[in-house]
Amino acid sequence: MSKGSFKRTKLRLNASELQRELEDADTALMEAVVAGCAIVAYSDGWVSPEETLRMRRLILRFEPAKALGLAEILRLFEETTLSFADNYEAGEQAAFELVARLTGRRRESELLIDTCCGIADADGGFDAEERETILKLCAMLEIEPEAHGL
């Protein structure tokens, strides 16, 4: 191949395109974390006020939460948990699909599991249903449950 015949195979992103990609990645992370929190919170059949409050506090510690904003995060959490009440299987499947976006992203998956453990413990107990749900999330995301005390 001569020097002049090199063809660019990848597009270069300009600054605004790169920012949009980063925001999309942050949004996907936050949607996955909120969905995981909702799955765990609803795993015993209802969402306690303590679980909602804990989710709110934990989520706000994430820098990517700024991409969505608190109002959007709370709307997503409520929408997801209400979908379980309407049709549990469909709601759970949709939430697991959001979580599955983190497959292969170890650091983000670990954050999700840690946050979900915080949600499970929010109402004073880590019950069997919540534990089982978090174990499912660990298996899906290929995370060792023992690293999280499970």
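The following conversation goes through a predicted model of one protein chain.

Biologist: What is the mean pLDDT of the chain?

Modeller: The mean pLDDT is 78, and 81% of the residues reach 70 or more. Over residues 1-19, however, the pLDDT is below 50. That stretch has four contacts in the model beyond near neighbours in sequence.

Biologist: And how much of the chain is made up of buried residues?

Modeller: Of the 150 residues in the chain, 41% are buried. The accessible surface of the chain comes to about 8900 Å², and carbon and sulfur atoms account for 51% of that surface.

Biologist: What share of the contacts joins residues 24 or more positions apart?

Modeller: Among contacts with a separation of 6 or more, 75% are between residues 24 or more positions apart.

Biologist: Let us turn to charged side chains. How many salt bridges are there?

Modeller: The count comes to six salt bridges. In general, side chains of opposite charge can pair when their charged atoms come close. One of the salt bridges joins E72 and R75, at 2.5 Å from N to O. R75 also forms a salt bridge with E79, where the closest N and O atoms are 2.4 Å apart.

Biologist: Where do E72 and R75 sit relative to each other?

Modeller: Both lie in helix α4, which covers residues 70-86, and they are three residues apart, so about one helical turn separates them. E79 and R75 are four residues apart in helix α4, again about one helical turn.

Biologist: Which residue forms a salt bridge with E110?

Modeller: That residue is R106, with the closest N and O atoms 3.3 Å apart. E110 and R106 both belong to helix α6, residues 106-120, and lie four residues apart, about one turn of the helix. R106 is partly exposed, with a relative accessible area of 46%.

Biologist: What about E108, buried or exposed?

Modeller: E108 is also found in helix α6. Its relative accessibility is 17%, and E108 therefore counts as buried, the limit being under 20%. Leaving aside residues up to four places away in sequence, E108 touches L29 and L102.

Biologist: A change of topic: how many aromatic pairs does the structure hold?

Modeller: The structure holds three aromatic pairs. F84 and Y88 form one that is tilted, with 5.6 Å centre to centre and 45° between the planes.

Biologist: Why does that pair count as tilted?

Modeller: Planes under 30 degrees apart count as stacked and those over 60 as edge-to-face, with the rest tilted. The angle for F84 and Y88 is 45°, so this pair is tilted.

Biologist: Is F84 buried or exposed, and what of Y88?

Modeller: F84 is buried, with a relative accessible area of 3%, whereas Y88 is partly exposed at 29%.

Biologist: Which residues form the aromatic cluster with F84?

Modeller: Y42 and Y88 do; together with F84 they form one aromatic cluster.

Methods: Residues are numbered from 1 along each chain as its sequence is written. This is a predicted model: local features need pLDDT of at least 70, side-chain atom pairs count only at pLDDT 80 or more; totals for chains, interfaces and linings use all residues. Side-chain values use heavy atoms; hydrogens and water are left out. Rings of Phe, Tyr and Trp (its six-membered ring) pair if their centres lie within 6.5 Å; planes under 30 degrees apart count as stacked, over 60 as edge-to-face and the rest as tilted. Buried means under 20% relative accessible area, exposed over 50%, partly exposed in between (1.4 Å probe, protein chains only). pLDDT is the predictor's confidence in each residue, from 0 to 100. Contact means heavy atoms within 4.5 Å. A salt bridge is a side-chain nitrogen of Lys or Arg within 4 Å of a carboxyl oxygen of Asp or Glu. Helices (H or I, at least four residues) and strands (E, at least two) are DSSP runs, numbered from the N terminus. Accessible areas come from the Shrake-Rupley method with a 1.4 Å probe; for residues, only the protein chains shown count as cover.
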